[in-house]
Amino acid sequence: ESTQSSGSSGINAEYGRTLEARGCSVAMVTMGSAGVVYVDESGDVTHVPCPKVSAVDTTGAGDAFIGALASLMARGTAFMAFKDKVRVACAVASESVTRQGTQSSYPDGKFMEQAIADL
């Protein structure tokens, strides 16, 4: 989907520049157990791996990731580095796949605070 939307040959600086030209400042692709790749404003490509877990149900993992990232972004830029916010969101998404269900599998705020403390 990402290569179709951008016309680029993969997740790389070209991909980031193409989406930036369309109004995106950061392009991000979740890749399940392989983690997340994002291209930032400077065109740097960063891979953030997810913690390895025994998955039970992957339904809703992307939503868990986005919800955690949005919550962390709402805390402001001085709170922590963007890459660390992505790391914590990956931890939340990974934890969410260890239980059956969607919303019922999402970790609580205590989990996210512990993931922040563990950085």
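1. Start with the aromatic pairs: a search of the whole structure finds one. Rings of Phe, Tyr and Trp (its six-membered ring) pair if their centres lie within 6.5 Å; planes under 30 degrees apart are stacked, over 60 edge-to-face, and the rest tilted. Here the ring centres of Tyr38 and Phe82 are 5.0 Å apart and the planes meet at 85°, so this pair is edge-to-face.

2. A word on the source: this is a predicted model, where local features need pLDDT of at least 70, side-chain atom pairs count only at pLDDT 80 or more, and totals for chains, interfaces and linings use all residues. Residues are numbered from 1 along each chain as its sequence is written, and side-chain values use heavy atoms, with hydrogens and water left out.

3. Now find the two partners: Tyr38 sits in strand E2 (residues 36-39) and Phe82 in helix H4 (residues 82-96), so the pair links distant parts of the chain, 44 residues apart. Helices (H or I, at least four residues) and strands (E, at least two) are DSSP runs, numbered from the N terminus.

4. Next, have a look at the largest pocket, which is lined by 18 residues; Gly32, Ser33, Cys50, Ala61 and Val97 lie nearest its centre. Helices H3 (61-73) and H4 each give two or more residues to this lining, and H3 gives the most, with three. A pocket is an open set of points on a 1 Å grid over the protein atoms alone, with protein on both sides within 12 Å along at least five of seven lines; lining residues have an atom within 4 Å of a point.

Terms used
1 Å grid on protein atoms, 1.4 Å probe; cavity = no way out; pocket = protein on both sides within 12 Å on 5 of 7 lines; lining within 4 Å.
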